[in-house]
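User: Can you walk me through this model? I'd like to start with the strands.

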Amino acid sequence: MSQVNEHHAPSTPGKLKPEKSSYIHHRLRIHSSLSKLTLWSSFFLAFILFLFILSPPSPSTSPRRALGDSWGGSHWEKRVAKSARRSSSSSLTVLVTGAAGFVGTHVSLALKRRGDGVLGLDNFNRYYDPNLKRARQRLLDRAGVFIVDGDINDAVLLRKLFDVVPFTHVMHLAAQAGVRYAMQNPGSYVHSNIAGFVNLLEACKNANPQPSVVWASSSSVYGLNSKVPFSEKDRTDQPASLYAATKKAGEEIAHSYNHIYGLSITGLRFFTVYGPWGRPDMAYFFFTKDILKGKQITIFESPDGGTVARDFTYIDDIVKGCLGALDTAKKSTGSGGKKKGPAQLRIFNLGNTSPVPVSELVAILEKLLKVKAKKKALPMPTNGDVKFTHANISLAYRDLGYRPTTDLETGLRKFVKWYLEFYSKKSSW
Ligand SMILES: O=C(O)[C@H]1O[C@H](OP(=O)(O)OP(=O)(O)OC[C@H]2O[C@@H](n3ccc(=O)[nH]c3=O)[C@H](O)[C@@H]2O)[C@H](O)[C@@H](O)[C@@H]1O
């Protein structure tokens, strides 16, 4: 307790001299106020401590585990090890981040099918319908791929995964996607595409052996570039959206981790990927939904009234490109955070090489769905959209054997078939 108590409060009150009593009463009042203050301060501090304990970990690289994390324990470790077990010593052992995502699901299935060990990681966030992500998880589960429910920003979890499994490769597909949503939630792009990527590369560079990393960049890095078709040698310093800027930042971050730590890193610039199990935030997906509901859809036009076009790329072609990148990735040269020599650093376009106007996309959907769309033309919003994209894929063809074979109508037919089955009342998903 306070010093007032120890030094001035009488142990035997009856023996106090009268002339001193008012002074003593005054001191006692001070003492009592100070005691109350101390008591309330203690309550306040205890309350702050309580709130701190309950608060989630910082969204950056906090090594602290959040209360209620759904990972850990021997049963969990066994599931992780089993999922990552490869069929032969020449197969890969791959950590797929964003495994419950569109591209992540397809790549995980393809790797598992050919005998590679695959472990998924996904935070199942609510950017779009988590039920779709859970359905993809069930699909992977049936194929023997376990998805760890966790975030790439969780350094402790990543360290644990690398302790349990000596991954040869990391296929990094976890990201905050979507070009226009970046205006609404910029922090989410920084959190996943920058902080999360750095956290993942930290785990990779510290791992022993260091894995080779293949990750998803985006065609959006070409931004305002007008030279067509887009080649990897073209300028990428004029992003038109924060999303594009975070993907471009990722490419520079990859360069620094390759340079400092000897990590082998390959970036893949995906061009508007579509297909079954796709993302509901993408135009082809919500156009399908809205056309079927009889709801009006908006088709963007360029500011000069011209068409807006995309080099739509079918998911199976993208999967082949991802596997080609994993198979041709050289080993990282460092170990335990130390570089031992120069390592491979690559960037590839994965597109379809034939841009299609959005109006044409809608015409194909109308034909496949046998429903006339209610269309409205509007000038393209100035919030990050670009007029067109068009990939030059000669580098990926030469080094990865990448050769897209699916035209938009064929790919959309497969998408529509999946969509109708998945969302039909009979669907068991
Ligand atoms: O390949 C890429 O780099 C990017 O592709 C897509 O971005 P985007 O091409 O804008 O795809 P959508 O949002 O599906 O838009 C496709 C086309 O439809 C147009 N659109 C979109 C929405 C709408 O209501 N109306 C409309 O005409 C867009 O202007 C665009 O030309 C993805 O959403 C990004 O995550 C990815 O990185």
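Analyst: Two strands count as paired if DSSP finds at least two bridges between them. Strands (E, at least two residues) and helices (H or I, at least four) are DSSP runs numbered from the N terminus. This is a predicted model, in which local features need pLDDT of at least 70 and side-chain atom pairs count only at pLDDT 80 or more, while totals for chains, interfaces and linings use all residues. Residue numbers start from 1 along each chain as its sequence is written.

User: OK. How many helices and strands does the protein have?

Analyst: There are 13 helices and 13 strands.

User: Which residue is the bridge partner of D122 in β3?

Analyst: D149 in β3 is the bridge partner of D122, and D122 sits in strand β2. β2 and β3 (residues 146–149) run parallel and are joined by 4 bridges.

User: What about β1 and β2, how many bridges join them?

Analyst: 5 bridges join β1 (residues 93–97) to β2, and these two strands are also parallel. One of the pairings there is L95 with L119 of β2.

User: What sits between those strands in the units they make?

Analyst: Helix α4 (residues 102–113) goes with β1 and β2 in a right-handed β-α-β unit. Helix α5 (residues 130–142) does likewise with β2 and β3, again right-handed. Right-handed here means that, with the strands pointing away from the viewer, the path from the first strand over the helix to the second runs clockwise.

User: Is β2 enclosed or open, and why?

Analyst: β2 (residues 117–122) is largely enclosed by the rest of the structure, because 6 of its 6 residues are buried. A residue is buried if 20 or more other C-beta atoms, placed from the backbone, lie within 10 Å of its own, exposed if 12 or fewer, and partly exposed in between. Both faces are covered: G117, L119 and L121 are buried on one side, and V118, G120 and D122 on the other.

User: Back to D122. Why is it called buried?

Analyst: D122 is buried because 25 other C-beta atoms lie within 10 Å.

User: And what does D122 touch?

Analyst: Leaving out residues up to four places away in sequence, D122 touches G98, A99, A100, G101, K133, I147, D149 and A174. Touching means that the C-beta atoms, placed from the backbone, lie within 7 Å. A174 is 52 residues from D122 in sequence, yet the two C-alpha atoms are 7.1 Å apart.

User: Switching to the ligand. Which residues come nearest?

Analyst: S218, S219, M282, A283 and F300 come nearest, out of 19 residues around the ligand. Strand β8 (residues 296–301) gives the largest share of the shell, 3 residues.

User: How many of the shell residues are nonpolar, polar or charged?

Analyst: The shell has 11 nonpolar, 6 polar and 2 charged residues. Nonpolar covers Ala, Val, Leu, Ile, Met, Phe, Trp, Tyr, Cys and Pro, charged covers Asp, Glu, Lys and Arg, and the others, Gly among them, are polar.

User: Is W277 buried or exposed?

Analyst: W277 is buried, because it has 20 other C-beta atoms within 10 Å. F124 has 15 C-beta neighbours inside 10 Å, so it counts as partly exposed.

User: Last one: what domain does UniProt list?

Analyst: UniProt, in an unreviewed entry, places "domain: NAD-dependent epimerase/dehydratase" at residues 94–330. Its positions are given in the numbering used here with feature names shortened, and annotations may be inferred rather than shown by experiment. In the model, residues 94–330 are 43% helix and 18% strand, with the end C-alpha atoms 14 Å apart.

Terms used
A residue is near a molecule or strand if its C-beta atom, placed from the backbone, lies within 6 Å of it. Two residues are in contact if their C-beta atoms, placed from the backbone, lie within 7 Å.
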